[in-house]
Amino acid sequence: MDAGMDTRTDSPRRWLGAPLEQLPTPALILDQAKVRGNAERMRERCRALGLRLRPHVKTHKTLEGAALATGGTRRGIAVSTLAEGRFFAAGGFDDILYAFPAQEWHLPECAALARQLQAFQLLVDSPRGLELLRQNPLPGGKRWLVWLKLDCGNGRAGIRPTDPEALELARAIARGCPEVVTLAGVYAHCGNTYGCGDIPAVQDVARDTTKAVLAFVTRLRQEGIPCPEATIGSTPSCSHPVPEMSQLTEVHPGNYLFYDLQQTQLGSCRPEEVAIRVLTRVVGHYPHRRQLLVDCGWAALSLHGRDRGPPGCAAIEGHPQLRLVGLTQEHGQVEAVDGELDFQRFPVGSTLALIPYHACATAAMHPVYFVHAGGKVVELWHPTRGW
């Protein structure tokens, strides 16, 4: 096959059964065994703790990945966009939590999903968000299912559980208009685990977040406010969970299905458990500047992590002597870490596999994922896009 052939106008289905080296590049490839193993290990961790797993689908955004993560039940997922909500609802998924604070311009679509699904849930972190729901009741006797979003140190959305306003808001959700709104639970994302340097530090954050959530739930129950669910989540915290998390009801990690270079640096996984690669092809030799040129730029690989250690935004699998030193939109520049670059080892047309620092941002750039086993493509996963 001519490495320079333009195949992008053809259906991706033609690549089923093809060897990886024949794929048009850049291509996002997933190791089938590793993805399945990552899914099963997370389910087993949750079983051991007596927790429900509500996988967040924002990393892969695919029906196939979500079915794998839920063990085939197609119930109990978290989404980050309404486009994901529509996509997974149409794909037969139910019990969907829209993990984003409710906004006025979202309500028509949220209402449509709430009517369609047995359980469509959303977040509230302010009196304004609650008032929006009160002013827009669902028809047919249905009620808005609301999770109170807590900020336990992540510093993004959410209300701090120690603020007096948090208890007031929970009380207002539960008691203010019970025929319109129901308090389903409290939700905290411990994304601050991504600033940790090792597993013990990640576990400290998970422990602190869990304690903060449980202390808040205890206060609610002391006031007679029912709060059925309590959840925290992030892939680092759920990859090495602490015993205290068993007192929660569920967790909601997302990245773990793929993992990535960042997760290996955090200790979430072993390098051999990272399932995602971006396949790229050598397109030029430039001896005068001691560089290879590859056909993967920042349009196919997230720049996230370029300043986070020697590998930068991607490591080159099997070639620790090489380093990706620059990315433009459609080009990447590769140099030797030390010494001379052996151009004969990397002829034009040969392929390299990049391990991305950030799987979520990288996956968002690809219209199809090539799932492989035994060196050949065995599945095609098609992610949803948009908001």
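A salt bridge is a side-chain nitrogen of Lys or Arg within 4 Å of a carboxyl oxygen of Asp or Glu. In this predicted model, the side chains of Glu-273 and Arg-270 meet that rule, with N and O 3.1 Å apart.

Confidence in the prediction comes next. The protein has an average pLDDT of 95, and 97% of the residues reach at least 70. Residues 1-9 are a stretch to read with care, as pLDDT stays under 50 there. For these residues the model has eleven contacts beyond four places in sequence.

Returning to charged pairs, side chains of opposite charge can pair when their charged atoms come close. The count of salt bridges comes to 20. One of them joins Glu-40 to Arg-43, with the closest N and O atoms 2.6 Å apart. Both residues belong to helix 1 (residues 32-49), and because they are three residues apart, about one helical turn separates them. Glu-40 is partly exposed, with a relative accessible area of 33%.

Another salt bridge brings Arg-75 together with Asp-94, at 3.7 Å between the closest N and O atoms. This pair links distant parts of the chain, since Arg-75 sits in strand 3 (residues 75-79) and Asp-94 in strand 4 (residues 94-101), 19 residues apart. Arg-75 counts as partly exposed at 35% relative accessibility, while Asp-94 is buried at 14%. Salt bridges also form a network, which links Arg-52, Arg-54, Asp-95, Glu-229 and Glu-250.

The domain assignment divides the protein into domain 1 (17-29 + 270-381) and domain 2 (50-256). Their C-alpha centres lie 35 Å apart, and the contact takes six residues from domain 1 and eight residues from domain 2. About 590 Å² is buried between the two domains, with carbon and sulfur atoms giving 68% of that area. On the domain 1 side, Cys-360, Tyr-369 and Trp-381 lose the most area to domain 2, together accounting for 75% of what that side buries. Zero salt bridges are found across this interface, and one residue pair is in polar contact there. Helix 10 (359-363) and strand 17 each supply at least two residues of the side of domain 1 that touches domain 2. Helix 10 gives the most to that side, with three residues.

Two further residues can be followed on the structure above. His-252 is located in the loop between strand 9 (250-251) and helix 9 (261-266). With a relative accessibility of 3%, His-252 falls under the 20% limit and therefore counts as buried. Its side chain makes a polar contact of 3.4 Å with the side chain of Tyr-187, and a polar atom of the His-252 side chain lies 3.2 Å from the backbone nitrogen of Gly-233. Beyond four places in sequence, the residues in contact with His-252 include Arg-54, His-56, His-189 and Thr-231.

Trp-387 lies in the segment after strand 17 (376-381). At 77% relative accessibility, Trp-387 is over the 50% limit and so counts as exposed. Neighbours within four places aside, Trp-387 is in contact with Thr-81, Leu-82, Ala-83 and Arg-86.

Note on methods:
Residues are numbered from 1 along each chain as its sequence is written. This is a predicted model: local features need pLDDT of at least 70, side-chain atom pairs count only at pLDDT 80 or more; totals for chains, interfaces and linings use all residues. Side-chain values use heavy atoms; hydrogens and water are left out. pLDDT is the predictor's confidence in each residue, from 0 to 100. Contact means heavy atoms within 4.5 Å. Helices (H or I, at least four residues) and strands (E, at least two) are DSSP runs, numbered from the N terminus. Buried means under 20% relative accessible area, exposed over 50%, partly exposed in between (1.4 Å probe, protein chains only). Domain bounds come from an automatic or database domain assignment. Buried area is the accessible area (1.4 Å probe) that two parts lose on being put together, summed over both. A polar contact is a pair of N or O atoms within 3.5 Å; within protein, one must be able to donate a hydrogen and the other to accept it, and residues adjacent in sequence count only if both atoms are side-chain atoms.
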